[in-house]
Amino acid sequence: MPALDGFEDDVEKIHNFLEGKASPLLLSGAGISTESGIPDYRGPQGSYKKGHKPMTYQEFVKSTENRQRYWARSMMAWPYMSTRPPTTSHHEIEKLRGLKVKHIITQNVDGLHWKASPDYPHNNEPSWLTELHGTLREVVCLDCKAKFDRDSVQELMVIDNPQWVIPQHLYTAAYFENLRADGDIEWQKIPPYTEFKLPTCFYCNSSNLKPDVVFFGESVDKTIVQRCFKNVEESDGLLVVGSSLTVFSSYRFIKHATALNIPIAIINVGETRADSDPVLKIEQPVGKVLQSVVKKLTKTE
């Protein structure tokens, strides 16, 4: 996306916001990952605009058939979703982490902050990152609560369900058009979902496996929420990037920061839930703004 009118002035505003901060907190949303080819829900080309309806937690646990549908579609999309690279925004945020930002809270489940950091690929739970809604790179057993990596589950599903494997030569415009923000895909040329063999837990053999993410209709773990509140309290500024803050799971941190008189700045193209709150709002492409801000900060540090 090209820069919008007033770009240099907007860069200066964000630079000034960060320059005097010792421990700013950063909150990121789906808008920083779309350049990587990962669909979002609410953007101009998002899943909601295409009529896609995400599976809720209640639907997922309700029946075996619903889980077959989810895992079949997820298996078909994983080779693409799991290889998405970090965007300019992720790389510039990583530079900010070396300059100013002490902690990152992300609404995203794609793992791209982690991929952009020196912790990748070995330390997959870095202390500087809170993945508020979980991560697609891990799977949890709903029965014994064991967790394991998504790639190992993918290997088993491919072996057991070869008829659901989409060859790379079919990664055409139709494939990308049907990708969902859930990390799955709607694909027509497949057998009935009831024929899909579900993956099973490596420990208790249960087929009640779920990606370790917060589904719609599911609550964020209270321990994680309290940790994020503490991150807000320990910060001297909150920078929001690429998020409309529509869901309360992230917007509550804006309200908390406001109550504590912690300054807030937002970089996002389009409306946000916090537009009427006392915030500095910049409508510019996140990656372009952060590139310029990082250059300015590097000169002054």
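Start by selecting strands E2 and E3 (residues 129-131): they run parallel and are joined by three bridges. Two strands count as a pair here if DSSP finds at least two bridges between them. Strands (E, at least two residues) and helices (H or I, at least four) are DSSP runs, numbered from the N terminus. Now click on Ile105, which stands opposite Thr130 in E3.

A quick word on what you're looking at. This is a predicted model, where local features need pLDDT of at least 70 and side-chain atom pairs count only at pLDDT 80 or more, while totals for chains, interfaces and linings use all residues. Residues are numbered from 1 along each chain as its sequence is written, and side-chain values use heavy atoms, with hydrogens and water left out.

Leu27 is the residue standing opposite Ile105 in E2.

Stay on E2 (residues 103-106) and show its side chains. In a regular strand, side chains alternate between the two faces of the sheet. Are the residues on the faces of E2 buried or exposed? His103 and Ile105 on one side, and Ile104 and Thr106 on the other, are all buried. Buried means under 20% relative accessible area, exposed means over 50%, and partly exposed is in between (1.4 Å probe, protein chains only).

Now jump to Ile262, in the loop between helix H9 (248-259) and strand E8 (264-267). Ile262 counts as buried because its relative accessibility is 10%. Leaving aside neighbours within four places in sequence, Ile262 is in contact (heavy atoms within 4.5 Å) with residues including Val232, Leu238 and Ala257. Try the distance tool on Val232: it is 30 residues from Ile262 in sequence, and their C-alpha atoms are 8.3 Å apart.

For another stop, pick His91 in helix H4 (residues 88-99). His91 has a relative accessible area of 37%, so it is partly exposed. Beyond its neighbours within four places in sequence, His91 is in contact with Pro86 and Ala116.

Finally, zoom out. The protein has 10 helices and nine strands. Its radius of gyration is 20 Å, close to the 19 Å that the globule rule gives for 301 residues, so it is as compact as a globular protein of that length. That radius is taken over C-alpha atoms, and the rule is 2.2 Å times the number of residues to the power 0.38. Of the 301 residues, 51% count as buried.
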